[in-house]
Amino acid sequence: MSELLKSIDARTKLAGTNKLEILLFTLGTHSVTGRRETFGINVFKVREVMRTPPITAAPEMPPSVEGMVSLRGALVPVVDLARYAGISSDSPRSIMIVTEYAGHTQGFLVEAVDTILRLDWSQMKVPPDMLTAELGGLVTAVTELPDGRLVMMMDVEKVLSETSKYDDEVVYRNIKPISNPDLTVFFADDSVVARRQIVRTLDAMHVKYVETINGRAAWEELERIAAYADASGQRVSDLVSLVLTDVEMPEMDGYILTKKIKTDPRFAGVPVIMHSSLSGMSNQQLGKSVGVDEYVPKFEPQKLSEVLTRRLLGGVPVARVNG
């Protein structure tokens, strides 16, 4: 299975072209519906795929967390994705996908992995409201394969949020408010969990915001704002103080969104901050190549607030923000 992910670092060159590669996997046949659904995860977030090793159970873990495994001396929590997603199946979860994102490493138990699929983000569609409601926001995008199968992209950030305790209220307590009612942050993210955390951070900062669910929706809204600014004799920077964007989004990714903003003179003076769980240096360099002003990792509200405060108040980065 190591061959499946061979040369994974080379795949980072896809970022910035609005393309991605996803690892397809299944969780078993649902005992109620009789269907075996296909799910996907961005290859950038996959460290390795392996046979499920012996798992050590631990007390007081969330129901879907099976326990821990030791990988090269590090203890890694293991999540049974079928149980987490509410899929009742007797299929053995003999494969573990080891993921690494947002500074966390975890194992996901799955029934089987299929293949790696390369496609354009424009092929990834926002899921219908009915599917979103049924799966509680677990699916962030859907695409159709040539054979007619639908692939559902899992919001692994939501899984991390709900199977760990990093989203504790204490992380928001020390965020300092900004006393400037004229500031507005515009942000785009396809993850319900990520958007909720951004909103909590901005609320703690007392900063107004406009939110969108993906890059295409963000660009369409920004163009409307630019048209209004032109009609009213204002600059876009008078209406939008800063743009905060995720990288992975259906229909248009954060790199393409940033490139559109930075090559359009109407948005002169509007800084763009990339906010992502893809924390590798290659992703940061790609962001810089399309004009990103700064990079900040997800799920660190204190660091996010510090970067936003500095940028909103006209500061410049004193050091590169590490992911």
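Predicted model: local features only at pLDDT ≥ 70, side-chain atom pairs only at ≥ 80, totals over all residues.
User: How many helices and strands are in the chain, and what makes a run count as one?
Analyst: The chain has 10 helices and 15 strands. Helices are DSSP runs of H or I with at least four residues, strands are runs of E with at least two, and both are numbered from the N terminus.

User: Why is His 206 called exposed?
Analyst: The relative accessibility of His 206 is 56%. Exposed means over 50% relative accessible area, buried under 20%, and partly exposed in between, with a 1.4 Å probe and protein chains only. His 206 therefore counts as exposed. It is found in the loop between α5 and β12, and its phi is near 60°, a positive value in a residue other than glycine.

User: Is Glu 251 buried or exposed, and how do you know?
Analyst: Glu 251 has a relative accessible area of 17%, so it is buried. This residue lies in the loop between β13 and α8 (254–262). Its phi is positive, about 75°, although Glu 251 is not a glycine. Most residues other than glycine have a negative phi.

User: What makes Thr 184 a buried residue, and what is it in contact with?
Analyst: Thr 184, in strand β11, is buried because its relative accessible area is 11%. Contact means heavy atoms within 4.5 Å. Leaving aside neighbours within four places in sequence, the contacts of Thr 184 are Lys 208, Tyr 209, Val 210, Leu 239, Val 240, Ser 241 and Leu 242.

User: How do you know that the span of helix α10 agrees with its number of residues?
Analyst: The expected span is 1.5 Å times one less than the number of residues. For the 12 residues of α10 (residues 301–312) this should give 16 Å, and the end C-alpha atoms are 16 Å apart, so the two agree.

User: Which residues of α10 are buried, and why are they said to line one face?
Analyst: Pro 301, Leu 304, Ser 305, Val 307, Leu 308, Arg 311 and Leu 312 are the buried residues of α10. Seen down the helix axis, they fall within an arc of 165°, so they line one face of α10. The arc is that of the directions from the helix axis to the C-beta atoms. The cover over these residues includes α4 (170–173), β11 (184–188), α5 (192–205), β13 (242–245), β14 (272–276) and β15 (294–297). Just after α10, Gly 314 takes a positive phi of about 90°.

User: What is the strand order of the open sheet, and why are β12 and β15 placed at its edges?
Analyst: The five strands have the order β12-β11-β13-β14-β15, with parallel pairing. β12 (208–212) and β15 each have a single partner strand, so one side of each is left without a neighbour in the sheet. Neighbouring strands here are turned by 20° against each other on average, direction ignored. Axes are lines fitted to C-alpha atoms, for helices over the stretch in contact, and angles run from 0 to 180 degrees between N-to-C directions.

User: How do you know that β13 pairs with β11 and with β14?
Analyst: Two strands pair if DSSP finds at least two bridges between them. β11 and β13 have four bridges in the parallel sense, and three bridges join β13 to β14, also parallel. Phe 187 stands opposite Leu 244 in β13, while Thr 245 stands opposite Met 274 in β14.

User: What makes both faces of β13 covered?
Analyst: Leu 242 and Leu 244 on one side of β13, and Val 243 and Thr 245 on the other, are all buried.

User: Why is helix α3 described as mostly covered?
Analyst: Seven of the eight residues of α3 (residues 156–163) are buried. They are Val 156, Glu 157, Lys 158, Val 159, Leu 160, Ser 161 and Thr 163.

Methods. Residues numbered from 1 in each chain as written. Heavy atoms only, no water.
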